[in-house]
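Here is a short briefing for you, with the sequence and model shown just below.

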Amino acid sequence: MRIIAGEARGRKLATLPGQHTRPTLERVKEGIFSAVQFWLPGARVLDLFAGGGQLGLEAVSRGAAGCTFVEQDAKAAALIGQNAKAVGLEDRCRVTRSEVYAFLARGAGQFDLILMDPPYHEGFYPGVLEAAAKVAAPGCLALCESEPEAQMPAEAAGFVLEKQYRYGTVLVSRYKMTAESEDSENQ
């Protein structure tokens, strides 16, 4: 695995052996970031179920202001820190070892882009979208990676499904926080 574009372009990322994580394929990663390339500069990014951190690190390399990585597995969380340092982006990265729902319940911060790549076939959607609404900044985008047959909700807690992209055995669903949700949260 490597960083595809931006200031850390071409730098290699370490991965965990075995079944700890499922790194995103490079063609999927390229598609994800092509879809948000104009949204990304200066964005505050949240990478949930972060694995080795490759999605969040790609975002920071491409101009995001910073990324908070949330990963429950101790080995994977440590690897994110190692990868951030190896590619020279550690100053804009914060790793939190936590269960995703516990992190979201704390409401730690507001994010412009939320990346989600939970374990497949576990039924995390729409619950994780509903929990993530608590930390979504106005107009927040959420990119959700899943298996193609996953039943992705059309709407969840103000996130509305805008578009889906299929890359072979991967489905990426793009959600946006609606203006109606933002208005009701601010009242």
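A network of salt bridges links Lys29, Glu30, Glu58 and Arg62; a salt bridge here is a side-chain nitrogen of Lys or Arg within 4 Å of a carboxyl oxygen of Asp or Glu. Please keep in mind that this is a predicted model, in which local features need pLDDT of at least 70 and side-chain atom pairs count only at pLDDT 80 or more, while totals for chains, interfaces and linings use all residues. Residues are numbered from 1 along each chain as its sequence is written, and side-chain values use heavy atoms, leaving out hydrogens and water.

**Salt bridges**

- The structure holds 8 salt bridges.
- Glutamate 162 and arginine 174 form a salt bridge at 3.0 Å, N to O. Glutamate 162 lies in strand E7 and arginine 174 in strand E8, so this pair ties together parts that are 12 residues apart in sequence (strands are DSSP runs of E, at least two residues, and helices are runs of H or I, at least four, numbered from the N terminus).
- Of these two, glutamate 162 is partly exposed at 42% relative accessible area, whereas arginine 174 is buried at 17%.
- Aspartate 91 and arginine 92 also form a salt bridge, with their closest N and O atoms 3.7 Å apart. Aspartate 91 is exposed at 62%, and arginine 92 is partly exposed at 23%.

**Nonpolar cores**

- The largest nonpolar core has 32 residues, and Phe33, Val45 and Leu57 have the most contacts inside it (a core is a set of buried Ala, Val, Leu, Ile, Met, Phe, Trp, Tyr and Cys residues joined through side-chain atoms within 4.5 Å).
- Helix H2 gives the largest share of this core, 4 residues.
- A second, separate core of 28 residues includes Leu48, Phe49, Val100 and Ala142.

**Aromatic rings**

- There are 2 aromatic pairs (rings of Phe, Tyr and Trp, the last by its six-membered ring, with centres within 6.5 Å; planes under 30 degrees apart count as stacked, over 60 as edge-to-face and the rest as tilted).
- Tyrosine 101 and phenylalanine 124 are stacked, at 6.4 Å centre to centre with 25° between the planes.
- Phe49, Tyr101 and Phe124 form one aromatic cluster.

How values were computed:
Buried < 20%, exposed > 50% of the residue type's maximum accessible area, 1.4 Å probe, protein only.
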